[in-house]
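Work through the exercises below with the coordinates open. Try each task before reading its solution.

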Amino acid sequence: MVGTPVTRAEVVCPEFGLIMDHPDGEDDPDISLHITTRPGDDVTIALGDDLTWVKFARDRTAAVMNAWGLGGHIPAATLVVSELVTNALRHALPSVEVRPHPPVLLRLVRRRRSVVCLVADPSDRPPVLAEADFAAETGRGLYLVAAHSRRWDWAPRRDRPGKWVWALLPPPPDASR
């Protein structure tokens, strides 16, 4: 996949629209343990830099989907978030010698019954959908993201180092309601 274009300060998500590159509160030094919510159903959560935060991100995603009345999105959303956050924590953080670094951010954006899951990390390297060894224990994360989303892509951050990796979720099974 090629990076999605960024206009002025927005990530372009086809079939969903424009998403601001800088969520509210991103410059807040205490963002790591609180959620900021803006009108338009946009939740941003800053995560720590070890893999224990994957479960936190997954649990918080399920809680947000429930709060939005989108319980049908929970299976796909939690799987996609788990994979995107795991990839960010494993592959996109600088070495221990280069700390502090910008936090990994998880964003969930809703428009009606459509949801985009976004993860920002400090690396400028694009995600790579590499040839997977299906006998290996790792290496299939982006295949899972692709299989459980309508589309996914990435975009460089506009005014900061790093990128957003995003996935547009398919309609939930209960979307006919």
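Predicted model: local features only at pLDDT ≥ 70, side-chain atom pairs only at ≥ 80, totals over all residues.

**Exercise 1. Compare the span of H2 with its expected value, then find how many of its residues are buried.**

Step 1. H2 has 18 residues. The expected span is 1.5 Å times one less than the number of residues.

Step 2. From first C-alpha to last, H2 reaches 25 Å, close to the expected 26 Å.

Step 3. Of the 18 residues in H2, 13 are buried, so the helix is largely enclosed by the rest of the structure. Buried means under 20% relative accessible area, exposed over 50%, and partly exposed in between (1.4 Å probe, protein chains only).

**Exercise 2. Is Thr-61 buried or exposed, and what does it touch?**

Step 1. Thr-61 belongs to helix H1.

Step 2. Its relative accessibility is 0%, so Thr-61 counts as buried.

Step 3. Beyond four places in sequence, Thr-61 touches Ala-77, Thr-78, Val-81, Leu-106 and Leu-108.

**Exercise 3. Count the salt bridges and describe the pairs Asp-41 with Arg-110, Asp-42 with Arg-107, and Asp-59 with Lys-55.**

Step 1. Apply the criterion: a side-chain nitrogen of Lys or Arg within 4 Å of a carboxyl oxygen of Asp or Glu. The count is 4 salt bridges.

Step 2. Take Asp-41 and Arg-110. Their closest N and O atoms are 2.6 Å apart. Asp-41 lies in the loop between strand S4 (35-38) and strand S5 (42-47), and Arg-110 in strand S6 (residues 104-111), so this pair ties together parts 69 residues apart in sequence. Asp-41 is partly exposed at 23%, whereas Arg-110 is buried at 18%.

Step 3. Take Asp-42 and Arg-107. The N to O distance is 2.4 Å. Asp-42 is in strand S5 and Arg-107 in strand S6, 65 residues apart. Asp-42 is buried, with a relative accessible area of 5%. Arg-107 is buried too, at 0%.

Step 4. Take Asp-59 and Lys-55. The N to O distance is 2.5 Å. Both residues lie in helix H1 (residues 52-67), 4 residues apart, about one turn of the helix. An α-helix has 3.6 residues a turn, so residues three or four places apart point the same way. Asp-59 is partly exposed at 39%, and Lys-55 is partly exposed at 47%.

**Exercise 4. Report the model's confidence, then which stretches fall below 50.**

Step 1. pLDDT is the predictor's confidence in each residue, from 0 to 100. The protein averages 78, and 69% of the residues score at least 70.

Step 2. Over residues 1-9 the pLDDT is below 50, and this stretch has 27 contacts in the model beyond near neighbours in sequence.

Step 3. Over residues 27-39 pLDDT stays under 50, with 27 contacts beyond four places in sequence.

Notes: Residues numbered from 1 in each chain as written. Heavy atoms only, no water. Helix = DSSP H or I, 4+ residues; strand = E, 2+ residues; numbered from the N terminus. Contact = heavy atoms within 4.5 Å.
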